[in-house]
Amino acid sequence: MIYLRPHHGLCIHHFIGKGYSDTFIFNMKNIINILEDNSNSKITLVSCEDDICGSCPNNKDDSCLSGQKPDYYDRACLELCGLNFGDTLYWQDFKKKIQTSILEPNKLKEVCVNCEWLYICENLYK
Ligand code: SF4
């Protein structure tokens, strides 16, 4: 089981090997491998520190130095996908929801408002 903040489904989708630190990038690759290597991998959607935050330099005393931004991204992601904090589902099903509910309708910008990494995600579609 992987614990995931909802908006991290988008970060994983657009991950190209960049991140906050070498430790963060190493952990991100590990998490992606775990999720993708087994079609039965499950995630639980959480509202606080997850398995990605655990290796992030912005994670201090179990809270994020980015303030309220990640909370907003999480809530926007959940609303568009029709999911709730605490939901457990197959990673592959969450990926499909992100694809059909956020990416295909071109709503990425609605979720990731003022995210410093958004330009990378948007460039992937150009
Ligand atoms: S920036 Fe915040 S929400 Fe994003 S991985 Fe780091 S601690 Fe988690």
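How much space lies in the largest pocket? About 660 Å³. A pocket here is an open set of points on a 1 Å grid over the protein atoms alone, where a 1.4 Å probe fits, with protein on both sides within 12 Å along at least five of seven lines; lining residues have an atom within 4 Å of a point. The volume is the space filled by probe spheres set on the points, which are joined across faces, edges and corners.

Select H7, H8, C11, Y20 and W117: of the 38 lining residues, these are the closest to the pocket's centre. Now colour α1 (8–13), α2 (22–37), β4 (63–64), α3 (69–81) and α6 (118–123), the elements that each give two or more residues to the lining. Helices (H or I, at least four residues) and strands (E, at least two) are DSSP runs, numbered from the N terminus. The largest share, four residues, comes from α3.

A quick housekeeping stop: this is a predicted model, where local features need pLDDT of at least 70 and side-chain atom pairs count only at pLDDT 80 or more, while totals for chains, interfaces and linings use all residues. Residues are numbered from 1 along each chain as its sequence is written, and side-chain values use heavy atoms, with hydrogens and water left out.

Next, jump to N106, in the loop between α4 (91–103) and α5 (108–111). Its phi is near 60 degrees, a positive value in a residue other than glycine.

Finish at N114, in the loop between α5 and α6. Phi of N114 is also positive, near 65 degrees.
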